[in-house]
Amino acid sequence: MKSINEIRSTFTDFFVKAGHRHVASSPLVPANDPTLMFTNAGMVQFKDIFTGKEKRDYLRAATAQKCVRAGGKHNDLDNVGYTARHHTFFEMLGNFSFGDYFKETAIELAWTLITRDFGLPKDKLLVTVYHEDEEAAALWKKIAGLPEDRIIRIATSDNFWAMGDTGPCGPCSEIFFDHGPAIWGGPPGSADQDGDRFIEIWNLVFMQFEQSADGTRVALPKPSIDTGMGLERVSAVLQGVHNNYDTDLFQSLIAASADATNTDPKGPMAASHRVIADHLRASSFLIADGVMPSNEGRGNVLRRIMRRAMRHAQLLGARDPLMYRLVPALIKQMGVAYPELIRAEALVTETLKLEETRFKQTLERGLKLLDDEVEKLGSGQPLPGDVAFRLYDTYGFPLDLTQDALRAKDIAVDVDGFNTAMAHQKAEARKAWAGSGEAATDLVWYELKEEVGASEFLGYETEEAEGKL
Ligand code: ATP
Ligand code: MG
Ligand code: MG
Ligand code: MG
């Protein structure tokens with residue numbers, strides 16, 4: 001059985017043999033895009049090549065890219081620990097063609113890798129295509145010999161990718177693995193597709209149009225390819241397990257977490273172990289890439305992830321800081337592929353330990369308050385927004401931590417009420433500031449900070465509006 005580390009190499013070796021340059025992962029903080037919270041796909045570091053703004057000395061590339069999908073446009077935070085397939089931090093394997101090969105070769109390469117080199121059984125695979133993309137459907141028939149009923153036509157944006165309102169765009173085709181009828185869920189496009197039976201493993205994007213501001217699309221003279229396959233998902237399939245968290249890498253992190261807390265890695269606390277393993281990766285990689293916990297922007301997302309992990313550590317009975325003790329287990333698994341983890345080990349360890357130590361007391365007091373408030377609730381009643389806000393404001397509980405804590409009890413939070421309380425407090429703070437007689441420069445600085453916060457992290461601001469602080 002291949003380990004995750006071996007599967008990563010199988011992928012890059014395959015594409016190097018097919019004439020691709022192996023390019024290193026770019027950092028989680030995007031270098032050239034301040035509107036993007038975190039690198040969330042393999043194509044991010046190649047954006048300017050796809051738009052023609054930048055040229056490199058290669059036309060084909062392959063990467064294993066570090067990605068974070070928490071905060072920002074893609075936010076998988078609430079899924080983690082509860083679905084079989086979502087992480088906040090994950091690795092996206094990708095092959096790219098910059099105006100070189102197109103649809104036919106992309107499909108041929110993908111199919112050869114997964115059926116020949118990975119050896120996946122053809123009868124468990126199915127694909128989706130954009131409903132207008134007859135060319136892709138015909139290629140799947142020709143190259144893979146897939147029957148009509150396993151080429152699913154999808155009309156939604158799931159199968160049409162666009163870089164933004166303008167720029168390169170095009171249809172996608174996704175490869176799904178069927179884990180079998182024992183697991184709940186229907187195929188893509190069906191009413192019950194939310195289940196985890198059919199798992200999306202690979203997305204092939206065919207960048208064939210250029211969209212202009214008025215919405216018209218013209219065909220690109222040299223279309224491009226961008227693909228993304230979740231390493232953890234394909235590894236689960238190759239290791240014969242259904243859940244990403246049952247792969248070798250995650251099992252060793254979960255074993256470390258169980259060991260350190262003297263608890264059962266399986267059983268009723270399994271979800272907490274999964275959250276801890278996931279959040280350990282996200283926190284450590286973010287810190288290694290220079291993000292520090294703070295109350296704003298990227299640092300705020302990191303802090304939310306760290307604090308949420310700490311609540312799960314608390315559930316496992318950990319009375320002392322736990323996360324920092326798991327760093328060696330992570331480095332053992334991922335340090336060879338990502339030496340920045342080894343270089344940043346001291347920083348990661350100290351940052352985790354400090355945040356855990358600082359948050360510990362308020363976490364306990366906040367959880368006590370939460371318990372008391374829950375006792376007062378009638379059945380089916382949500383937690384009042386002002387209570388969630390007090391937990392946030394006084395005890396440093398991110399809203400999603402409170403929501404996560406109530407999830408097992410099936411209690412919702414009044415998010416509108418939370419947002420109202422937040423808006424009220426902001427307005428009060430502004431009034432107090434303006435009325436304090438401070439120098440005008442201070443006021444300007446305050447406004448500027450708010451403005452920069454808003455424009456720099458558009459995605460984050462949108463999240464905030466939705467109450468996902
Ligand atoms: P899903 O529908 O399962 O949330 P997606 O359509 O959002 O996935 P894409 O944006 O197409 O995902 O990303 C390409 C690939 O990256 C996916 O096919 C999947 O294998 C992987 N992937 C996406 N999000 C995650 C995640 N949160 N954790 C692990 N792997 C992921
Ligand atoms: Mg998704
Ligand atoms: Mg999808
Ligand atoms: Mg997808």
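Start by selecting strand β3 (residues 89-97) and strand β9 (residues 217-230), which run antiparallel and are joined by four bridges. Within this pairing, phenylalanine 96 has aspartate 226 in β9 as its bridge partner. Two strands count as paired here if DSSP finds at least two bridges between them. Strands (E, at least two residues) and helices (H or I, at least four) are DSSP runs, numbered from the N terminus.

Before moving on, a word on the ground rules. This is a predicted model, in which local features need pLDDT of at least 70 and side-chain atom pairs count only at pLDDT 80 or more, while totals for chains, interfaces and linings use all residues. Residues are numbered from 1 along each chain as its sequence is written, chains are lettered from A and ligands numbered from 1 in the order in which they are written, and side-chain values use heavy atoms, with hydrogens and water left out.

**Along the sheet**

Phenylalanine 209 stands opposite alanine 219 in β9. Now follow the chain from β8 into β9, a hairpin with five residues between the strands. In its turn, glycine 215 has a positive phi of about 90°.

Next, select strand β4 (residues 125-130), where six of six residues are buried. Buried means under 20% relative accessible area, exposed means over 50%, and partly exposed lies in between (1.4 Å probe, protein chains only). Show the side chains of β4: Leu125, Val127 and Val129 point one way, and Leu126, Thr128 and Tyr130 the other.

Which strands pair with β4? One is β7, antiparallel to β4 and joined to it by five bridges. Another is strand β5 (residues 151-154), which pairs with β4 in the parallel sense over four bridges. Tyrosine 130 stands opposite isoleucine 154 in β5, and threonine 128 has glutamate 174 in β7 as its bridge partner.

**The metal site**

Stay on glutamate 174 and bring up the magnesium ion (ligand 4). Which residues coordinate this ion? They are Glu174 (OE) and Glu200 (OE), at 2.0 to 2.2 Å. Donors are N, O and S atoms within 2.8 Å of the metal (3.2 Å for Na, K and Ca); water is not among the atoms, so sites may look incomplete.

Glutamate 174 counts as buried because its relative accessibility is 6%, whereas glutamate 200, at 26%, counts as partly exposed.

**A helix under cover**

Select helix α5 (residues 231-238). Seven of its eight residues are buried, so this helix is largely enclosed by the rest of the structure. The buried ones are Leu231, Glu232, Arg233, Val234, Ser235, Ala236 and Val237. After α5 comes glycine 240, whose phi is positive, near 70°.

**Stops in the loops**

Asparagine 262 has a positive phi of about 55° and is found in the loop between α6 (248-261) and α7 (270-288). Aspartate 410 has a positive phi near 60° and lies in the loop between α13 (399-407) and α14 (415-435). Buried or exposed? Asparagine 262 is exposed, at 73% relative accessibility, and aspartate 410 is exposed, with a relative accessible area of 73%.

**Last stop: a cavity**

Rolling a probe the size of a water molecule over the atoms shows where empty space is left. A cavity here is a set of points, on a 1 Å grid over the protein atoms alone, where a 1.4 Å probe fits but cannot get out; lining residues have an atom within 4 Å of a point. The largest cavity has a volume of about 120 Å³, a volume being the space filled by probe spheres set on the points, which are joined across faces, edges and corners.

To see the lining, select residues including Met310, Gln314, Arg319, Glu356 and Lys360. The elements that give two or more residues to this lining are α8 (297-315) and α11 (345-376). The largest share, four residues, comes from α11.

Methods: 1 Å grid on protein atoms, 1.4 Å probe; cavity = no way out; pocket = protein on both sides within 12 Å on 5 of 7 lines; lining within 4 Å.
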